Amino acid sequence: MTAYLHINGLRKTFGEVVAAEHVELKIAQGEFMTFLGPSGSGKSTTLYILAGFQDPTAGDILLNGRSILAMPSNKRNIGMVFQRYTLFPHLSVGENIAFPLRVRRMAEDEIRKKVARALELVRLTGFEDRMPAKMSGGQQQRVALARALVYDPPVLLMDEPLSALDKKLREEIQHEIRRIHQETGVTVLYVTHDQEEALRLSDRIAIFNKGRIEQVGTGPELYANPATRFVADFIGDSTFLAAEIAGRSGETVALRFPNGTEVAGIPLHGAGQSGTAAEVMLRPERIDLSAEAVGHGATLPVTVRDTTFLGNNITVDVETGWGEGLSVRLDFRHPLAGRVTRGDHLYMRWQPETAQAFAKA
Ligand code: ADP
Ligand code: MG
């Protein structure tokens, strides 16, 4: 398969620092792909190489099967929106958006039409003559988006474009970005360190860690089947318990907990053999609490340490008999919700196939 956009074995070093390594990714036309990872994991570096602002140390970028590395940034026809507002302060909104078209020496009436359409796309019709300083942060980012899209680039790159905005505004513009992606069909590469934003916007997510991609998948795939402990920790809420591998059967393991309880049928990620240490990742919302040790699944006795009321759910921090802490989330409809107090002796239960075992490196 020839990918529309192929990031092929990218590597970038700055002196001793390895910013990106073995970055390999195929992106389909019209896809919304997000780079998600902590600060310093190589997301921006990869994006800047795509944009042509930086040259890779090794590797290639192919668009429709052809390398674009030799092509200067302004010839790549790639739109770009940055974290900070990068509007020209001395130009009106209309002139900011018209700028890429003037650079391309487009005719005046064509420019007027395209600017009007771009303003409509970001819902800022009527703001042509406004100066950027007289607009809110959210509006300025919409103008930046209109400027990036005005010449119909086939690819749009966005580097944490909403991180300077407050939560409410961020969610509003996330909504707009989704709509614009659907309306234009533009291929988007989006950088964020916010998992919720990634899950909201993306067709697929590439999880970056220390300059490498740990896993690529849809949000539900990454959530249900994280390939590494890092991914398990980064996507969704997770809570971990230490255990020992008691036996292995194909892709699943039986784990032995310090109280002697054995739980079979837990999916294993990575290598692992009997007698070695492992960690099991549980989703707080997939654990049940009950007063009696009844029902199917793995069961461990726990003591309640703390409860936090969060409206539609209650987070209960519990401790195992051997002193390990973990979190459980009870839906507000749960029979125990609101009736759990510190010091209660309860049983936690989960289905082994919803847990993930990671062999300790
Ligand atoms: P992210 O966008 O995921 O936060 P970056 O791609 O900006 O991460 O950075 C990856 C690593 O490369 C970091 O350790 C960063 O300090 C380093 N780095 C990025 N740009 C430069 C640069 N121009 N000079 C030196 N080091 C850099
Ligand atoms: Mg960055």
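Author: Val 81, Gln 141, Leu 145, Met 158, Pro 161, Leu 162, Ile 173 and Ile 177 line the largest cavity. This is a predicted model, in which local features need pLDDT of at least 70 and side-chain atom pairs count only at pLDDT 80 or more, while totals for chains, interfaces and linings use all residues. Residues are numbered from 1 along each chain as its sequence is written, chains are lettered from A and ligands numbered from 1 in the order in which they are written, and side-chain values use heavy atoms, with hydrogens and water left out.

Reader: What volume does the largest cavity have?

Author: A cavity is a set of points, on a 1 Å grid over the protein atoms alone, where a 1.4 Å probe fits but cannot get out, and its lining residues have an atom within 4 Å of a point. Grid points are joined across faces, edges and corners, and the volume is the space filled by probe spheres set on the points. Here the largest cavity has a volume of about 40 Å³, and the count comes to 2 cavities of 30 Å³ or more. Helices α4 and α5 each supply at least two residues of the lining of the largest cavity.

Reader: How far apart are the end C-alpha atoms of helix α4?

Author: Helices (H or I, at least four residues) and strands (E, at least two) are DSSP runs, numbered from the N terminus. The expected span of a helix is 1.5 Å times one less than its number of residues. For the 13 residues of α4 (residues 137-149) that rule gives 18 Å, and the end C-alpha atoms are 18 Å apart, which agrees.

Reader: Why is α4 described as largely enclosed?

Author: A residue is buried under 20% relative accessible area, exposed over 50% and partly exposed in between (1.4 Å probe, protein chains only). Helix α4 is largely enclosed by the rest of the structure because 11 of its 13 residues are buried, among them Gly 138, Gln 141 and Leu 145. Contact means heavy atoms within 4.5 Å, and what covers these buried residues includes β6 (78-81), α2 (93-103), α3 (108-121), β7 (155-159) and α5 (167-184).

Reader: Is Gln 140 buried or exposed?

Author: Gln 140 lies in helix α4 and counts as buried because its relative accessibility is 13%. Leaving aside residues up to four places away in sequence, Gln 140 touches Tyr 85, Leu 87, Pro 132 and Met 135.

Reader: Which strands close into a barrel?

Author: In the barrel, 5 strands close in the order β11-β12-β13-β20-β14, with mixed pairing. Strands β11 (residues 239-249) and β12 (residues 252-256) run antiparallel and are joined by 5 bridges, and Arg 248 stands opposite Val 253 in β12.

Reader: How many helices and strands does the chain have?

Author: The chain has 8 helices and 20 strands, and buried residues make up 48% of its 361 residues.

Conventions: On a 1 Å grid over the protein atoms alone, a cavity is a set of points where a 1.4 Å probe fits but cannot get out, and a pocket is an open set with protein on both sides within 12 Å along at least five of seven lines; lining residues have an atom within 4 Å of a point. Two strands pair if DSSP finds at least two bridges between them.
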